[in-house]
Amino acid sequence: MTRRLLVVGALAANLAVGQDAVVPLNTPEVVTAEIAAGSTRVTIPFPVSGCTGLRLDAIVPLNSPTFSLADPDNRTVFPPGDPKVEFIPGTAARPGSNLPGGTFSLREEIVNPKSGTWNATVAFPAATRRTFAMLTPMCKSDYSAGIALPRTEFIRGEQATIGMMVLRTDAPVRGLSPRITIAPRNAVGGTVTLIGLDDGLDADGLANDGIYSVEHLFNQVGQFHIAGELQINTPEGPIVKRAQANVRVIEPTLQVSSITAAPVTGPGDCVTGLDIRIAAEVLRGGEFRASAKLEAGNGRSVHESILNTLPTGAQTITIHFPAETLRSLGTPGPYTIGFVDAYSLVGEEIQIAFQRAAAGTTPQLDLDRLCAPPIEILEGAAATVNVAGGYIGSLTLAFSIRVQTAGNYDISFKVAGAAGEDIGVFSQPRSLDAGFPTLVSVTLPSHLFLSADGPYQVLSMLVRGANNTAAQLSQVGETAAFSKWQFKPRVHGDLDDDLDVDAADRALLASFASQPALTPGDRRDINRDGQIDSTDLEALGLLACAAGECPPAP
């Protein structure tokens, strides 16, 4: 049965630099109660705080059970056999099975349940063996809470950032002190309780965003349970919110001894790129994906990764940032190595092998030392108006391309109108000289622009050369704000470009009465007197003709 009362959100959280998390909000907490052999009833207490609506499910693995519910004042809300409580036998939930007992569910939510400890009681014939009953309360509330984790698997020796996110609707709740408890389930060690902070320091990524963060060193392998709890003081009284998650800690498969960065030089001592080199001892050979992030002082960052198959033993993993990627940072180095991580691929399973945030800095690097790419498309497009018959007869679009090797290149690009209208896709083979920008131009006839206003955008340019060299630029440039009315028509008086002159053109022209004509040329100014008015409507009437019979515009 689908339950829609509980709203589970998945919100992005910034725990610390380089650590983003998706936070499930208001995930229900399952409460269990032991049923001893020979017992005939069990009571399951559960907390309710600040709920505007409450539903619950109770799973009882014993036949012929009954269910009752009492509020914090010990008043019976649902007595045994109440028709508002639905019972679904285990055999109905899984047809063909012999599952004992079943699930109790409320048919309607409890509106504005009182805060405090509620008690669900299930009764049954004497249990023949030890077992457990499970209760899942689902609270609808304006307040949401969840545990924020960068992932649910860590490696032994890793300093992990853990947060508790608290929102009211979509706004952060500030000024709280949540207790975040990390408890081993099948690992050595005791329970640790820390107080989450939302001050933007250390583990916390951003102050006052409603994410209260702590750091914890996982130094043992095994399963760990993370629980967060806090109290929100409201005018209606205190509200307690809880959240939980489970994580696994595994042995590392990489032991990293150093992370260094070095520029790579090419012909003429120019820099072809930057290598991040990870010196590691591979404890279990296999396939690894390693990644690194470079951060510049202007706030820009770039990311590269590599897939390696590595045998056991001492290895060096190299992650290369090519010159073009470094150039996109827009500022010289040194750059911060924001993080380095590696994952091992074992069959269909992906496991964290290594991670380090703030892994160092690169050497000084001047952008003018970077090797020029084989092909560069320079931003910017120019348009030249070619006048014909007093109108714009064609547009010549020009842009610059620089190549390092002279030869023949294929150039393709798209032109679009101001509102994204498709003007066309164009291609042109061209011989380019090496070493300096070459101005490449193409002349497009006026009829392509009769249905779309400018400025016209030159988009998605692709330049391909020999030896699989290529460059692409999504936004090359745009022209001035030409109007579609300035372009020479294919038929004089044909305003909707359907190759005839009829009532549709007269209706279109009437909507522009009493305004000056554009220059150079305006195909709405039928009599060419510099004004769009009733005399143009009279002149248009004399031009009426059918498609295929109309003379071309002079």
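A disulfide is here a pair of cysteine sulfur atoms within 2.5 Å. By this rule the count comes to three disulfides. The model is a predicted one, in which local features need pLDDT of at least 70 and side-chain atom pairs count only at pLDDT 80 or more, while totals for chains, interfaces and linings use all residues. Residues are numbered from 1 along each chain as its sequence is written, and side-chain values use heavy atoms, with hydrogens and water left out.

With the bonded cysteines of the chain numbered in sequence order, the pairing reads 1-2, 3-4, 5-6. Helices (H or I, at least four residues) and strands (E, at least two) are DSSP runs, numbered from the N terminus. The torsion about the S-S bond of C51 and C139 is about -120 degrees, so this disulfide is left-handed. Buried means under 20% relative accessible area, exposed over 50%, and partly exposed in between, with a 1.4 Å probe and protein chains only. C51 is buried, because its relative accessible area is 8%, and C139 counts as buried because its relative accessibility is 17%.

Another disulfide is formed by C270 and C371, whose sulfur atoms are 1.8 Å apart. C270 lies in the loop between β22 (254-265) and β23 (271-282), and C371 in the loop between β28 (349-357) and β29 (375-377), so the pair ties together parts that are 101 residues apart in sequence. The torsion about the S-S bond of C270 and C371 is about 95 degrees, so the disulfide is right-handed. Both C270 and C371 are buried.

C545 and C550 are also joined by a disulfide, S to S 1.9 Å. The torsion about the S-S bond of C545 and C550 is about 110 degrees, so this disulfide is right-handed. C545 is buried because its relative accessible area is 19%, and C550 counts as buried because its relative accessibility is 14%.

Next come the strands. Strands of a sheet pair through backbone hydrogen bonds, either parallel or antiparallel. Two strands are taken to pair if DSSP finds at least two bridges between them. Strand β21 (residues 237-250) is joined to strand β14 (residues 153-155) by three bridges, and the two run parallel. Here F154 has V249 in β21 as its bridge partner. Strand β20 (residues 222-234) runs antiparallel to β21, and 13 bridges join the two. E229 has R242 in β21 as its bridge partner. β20 and β21 form a hairpin, with two residues between them.

Elsewhere, four strands make an open sheet in the order β33-β32-β35-β36, with antiparallel pairing. Its edge strands, β33 (422-432) and β36 (470-478), each pair on one side only. Strand β35 (residues 457-464) and β36 pair in the antiparallel sense over seven bridges, and M461 stands opposite L473 in β36.

On the surface, V30, I59 and M134 form a nonpolar patch with about 230 Å² of accessible area together. Patches are made of residues with over 30% relative accessible area and no salt bridge, where like charges are joined within 9 Å and nonpolar side chains (Val, Leu, Ile, Met, Phe, Trp, Tyr) within 5 Å. A salt bridge is a side-chain nitrogen of Lys or Arg within 4 Å of a carboxyl oxygen of Asp or Glu. Accessible areas come from the Shrake-Rupley method with a 1.4 Å probe; for residues, only the protein chains shown count as cover. M134 has its place in strand β12 and counts as partly exposed because its relative accessibility is 35%.

The remaining points concern the backbone. Most residues other than glycine have a negative phi, and most peptide bonds are trans. A cis peptide bond joins G333 and P334, with omega about 10 degrees; P334 lies in the loop between α2 (323-327) and β27 (336-346). G454 and P455 are also joined by a cis peptide bond, with omega about 5 degrees, and P455 is found in the loop between β34 (438-445) and β35.

T169 is not a glycine, yet has a positive phi of about 55 degrees. T169 lies in the loop between β15 (158-168) and β16 (171-172) and is exposed, with a relative accessible area of 54%. D202, a residue other than glycine, has a positive phi near 50 degrees. The loop between β18 (192-195) and β19 (211-218) holds D202, which is exposed, with a relative accessible area of 72%.
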